[in-house]
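I opened this entry to look up a few local features one by one. Notes follow in the order I checked them.

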Amino acid sequence: MHANVIRGRALAAALTRLLDECDLGQADSFMQHGDTSCLMHMIAVAYVSMRLLDGLHLSYDRSSLLRGALLHDYFLYDWHTHRRAPGDRMHAFTHARTALLNARRRTALNAREEDIIDHHMFPVTLAPPGCREAVAVCVADKLCALHEALHPHCYGRLRRVYQPMIASKEAGHGTHPR
């Protein structure tokens, strides 16, 4: 079986579980970069992270990588219009912790998943990732953000594959992409 198919199936399985466990579909309501929703961004980061580690022939915990990547921007607000309280730090410095707290409230996380979510903004935040899965998500996050900013409408194929599954979950049906 082709590696992209294996990655796609693993991603679909992890996404399905998180759509059920934490109502991850909420993240599709908030824009991330350009016309990309937070959810599409997290799906792209999860896929690119797997490609990075597989391409480097490194062993890794695929389940933790996918769960952490799919929850890394689970902050659930529109950061473009979010009003901070006086003295609060900017979104870039705080959203990883907010995403971690939201994820912890809705699902059990292991140490790798927490590391991925909490440290994906390095070097903006000073605490570096502590495992290779977190490093991969940190790098993939920057690559995807840049791609989204420079190329609007860049995830057409991801949308075609995963949007029906997300919509189906929101409607109460379970389907998997091909």
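I began with the N-terminal end of H3, which is capped by aspartate 61. A side-chain oxygen of aspartate 61 lies 3.3 Å from the backbone nitrogen of serine 63. This is a predicted model, so I kept confidence in view for the later entries.

Next I looked up burial along H3. The helix spans residues 62-71 and is mostly covered. I find eight of its ten residues buried. They are Ser64, Leu65, Leu66, Arg67, Gly68, Ala69, Leu70 and Leu71.

Then I turned to histidine 120. Where does histidine 120 lie? I place it in the loop between helix H5 (111-119) and helix H6 (132-150). Is histidine 120 buried or exposed? Its relative accessibility is 0%, so histidine 120 counts as buried, the cut-off being under 20%.

Leaving out residues up to four places away in sequence, I list His72, Asp73, His95, Ala96, Val137, Cys138, Asp141 and Lys142 as touching histidine 120.

Last, confidence. The protein averages a pLDDT of 84, and 85% of the residues score at least 70. Confidence is highest in H3, at 98. It is lowest in strand S1 (residues 31-33), at a mean of 70. Over residues 173-178 the pLDDT is below 50. That stretch still has 13 contacts in the model beyond near neighbours in sequence.

Note on methods. Residues numbered from 1 in each chain as written. Predicted model: local features only at pLDDT ≥ 70, side-chain atom pairs only at ≥ 80, totals over all residues. Heavy atoms only, no water. Buried < 20%, exposed > 50% of the residue type's maximum accessible area, 1.4 Å probe, protein only. Helix = DSSP H or I, 4+ residues; strand = E, 2+ residues; numbered from the N terminus. Polar contact = N/O pair within 3.5 Å; in protein donor to acceptor, adjacent residues only side chain to side chain. Contact = heavy atoms within 4.5 Å. pLDDT = per-residue confidence, 0-100.
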